[in-house]
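I opened this entry to keep track of what I looked up, one topic at a time.

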Amino acid sequence: MKKTLSILGLAICELLFSQDIAFSKLYGHADPINYYLGSYPVTGSSGLDINWYGGVRLRTSIGVGLQLLENGNVGIGTSTPQAKFDVNFGNEQKGIRFFQPSTTQNPVDTLISSLMFTWYNNHADIGIIRGGGDNIVGLGFRFNGGEKVRFTPNGDVGIGTDAPAYKLDVVGNAQFQDIISGGTNSWIFHTPDDGRKTIHLSPKNVANNDWDWGKGLIINGENGNALLNGKFEAKEVKVTLTPTADFVFENEYNLPKLEDVEKHIKEKKHLPEIASAKVMEKDGVNIGEFQIKLLQKIEELTLYSIEQNKQIKKLQEENQTLKSQSEKINKLEKQLEQILEKQ
């Protein structure tokens with residue numbers, strides 16, 4: 001009996017689906033306005049018109065395939081779409097949706113309508129930002145509700161700012177391997193990845209096919225030294241090396257005797273405690289230390305001058321005394337001559 005009924009059922013189904021059934025509208029709930037299946041005309045044909053007030057659902061054996069709610073939200077893999085287009089990936093908490101969290105339609109200069117990607121408790125979305133009219137003022141990327149990157153129509157990119165003023169405007173720290181300036185007058189800001197803690201700022205060479213490292217500026221991160229293979233020009237240079245040469249004026253300072261200085265100059269051909277020309281050419285000159293040594297010699301020269309001035313004054317006083325005594329002697333000689341003449 002069961003076998004007979006099964007054969008009969010299959011025959012009826014085959015009969016129904018093997019024939020065209022003409023209809024202009026099928027409706028339910030006794031409501032041909034809000035619940036019906038019909039058609040609508042298109043060029044050279046007709047389309048299927050489904051109007052079901054409560055929504056439309058296409059299901060498979062494993063659950064919801066497509067859901068259209070009465071508010072216009074469309075869901076794939078979900079029966080409760082939260083946006084105009086909402087994709088759910090089944091057993092994982094991730095999805096894709098066209099998203100507009102604000103009830104205000106298209107507010108100015110705000111990333112509202114966007115394509116949102118969710119991953120468990122995190123989400124990221126991308127969308128356009130409109131201006132005061134119908135214009136687009138930017139394309140934004142947002143993470144967990146906060147806009148992080150914006151592209152403007154003129155090609156400016158902002159990271160950490162929604163108002164970039166340059167082709168790349170970063171508010172915060174940025175990391176680069178090398179920075180190369182554009183144009184024919186190109187320079188490179190380079191940090192070699194070979195264990196050295198140095199920074200190189202160099203121009204292109206004459207052939208314009210490589211960097212001219214020999215004409216660059218090098219800063220050593222180990223000791224703070226800087227190297228420049230060329231002239232250095234500045235309106236002002238401040239040297240903060242300490243101590244200065246004021247120790248020359250201390251009472252316990254042993255001022256070299258001029259005789260010893262003279263002897264050193266004759267033998268060495270340079271001042272004491274000052275490097276020779278050959279040493280300077282070989283090792284260079286530390287400007288700070290050299291300035292202090294020069295100041296030391298100037299202060300020593302000042303002390304020599306003060307001492308010399310004292311001696312000059314003393315000689316002047318002695319000379320005045322001798323002059324006075326000479327005048328007295330001359331006067332006595334004249335008086336003596338007068339006495340002798342009277343006799």
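**Rings and charges**

I started with a charge and a ring: the charged end of Lys204 sits over the ring of Trp211, 4.8 Å from its centre. For this I required NZ of Lys or CZ of Arg within 6 Å of the ring centre and within 35 degrees of the ring normal. I found another case at Phe89, where the charged end of Lys94 sits over the ring at 5.2 Å from its centre.

A note on the source: this is a predicted model, in which local features need pLDDT of at least 70 and side-chain atom pairs count only at pLDDT 80 or more, while totals for chains, interfaces and linings use all residues. Residues are numbered from 1 along each chain as its sequence is written, and side-chain values use heavy atoms, with hydrogens and water left out.

**Aromatic pairs**

A pair of aromatic rings is described by the distance of the centres and the angle of the planes. I counted rings of Phe, Tyr and Trp (its six-membered ring) as paired if their centres lie within 6.5 Å; planes under 30 degrees apart are stacked, over 60 edge-to-face, and the rest tilted. How many aromatic pairs does this rule give? The count is six.

One of them joins Tyr35 and Trp52. Their centres are 5.4 Å apart and their planes stand at 80°, which is edge-to-face. Tyr35 lies in strand β2 (residues 35-42) and Trp52 in strand β3 (residues 45-52), so the pair ties together parts 17 residues apart in sequence. Helices (H or I, at least four residues) and strands (E, at least two) are DSSP runs, numbered from the N terminus.

Next I looked up accessibility, with a 1.4 Å probe and protein chains only: buried means under 20% relative accessible area, exposed over 50%, and partly exposed in between. Tyr35 is buried at 18%, while Trp52 is partly exposed at 32%.

I then turned to Phe85 and Phe98. Their ring centres are 5.7 Å apart and their planes are at 50°, so this pair is tilted. Phe85 lies in strand β7 (residues 85-88) and Phe98 in strand β8 (residues 94-99), so parts 13 residues apart in sequence are tied together. Phe85 is partly exposed at 26%. Phe98 is partly exposed too, at 45%.

I also noted a cluster: ring pairs link Tyr35, Trp52 and Tyr53.

**Helix α4**

How far apart are the end C-alpha atoms of helix α4? They are 81 Å apart. The helix has 56 residues (residues 287-342) and should span 82 Å, so the two values agree. The expected span is 1.5 Å times one less than the number of residues.

At its N-terminal end, Asn286 caps α4, with a side-chain oxygen 3.1 Å from the backbone nitrogen of Gly288. The buried residues of α4 include Gly288, Ile292 and Tyr304. They pack against α2 (258-268).

I picked out Glu300, another residue of α4. Is Glu300 buried or exposed? It is buried, at 4% relative accessibility. Beyond its neighbours within four places in sequence, Glu300 is in contact (heavy atoms within 4.5 Å) with Val248, Tyr253, Leu255, Pro256 and Glu273.

Gln335 is also in α4. Gln335 is partly exposed, at 37%. I checked its C-alpha atom against that of Ile199, 136 residues away along the chain, and found a separation of 93 Å.

**Thr198**

Thr198 lies in strand β17 (residues 198-203). Thr198 is buried, at 11% relative accessible area. Its side chain makes a polar contact with the side chain of His200 at 3.1 Å. I took a polar contact as N or O atoms within 3.5 Å; within protein, one must be able to donate a hydrogen and the other to accept it, and residues adjacent in sequence count only if both atoms are side-chain atoms. Leaving aside neighbours within four places in sequence, the contacts of Thr198 include His190, Pro192 and Ile218.

**The whole chain**

The protein has four helices and 19 strands. Its C-alpha trace spans about 190 × 45 × 40 Å along the principal axes. Of the 343 residues, 18% count as buried.
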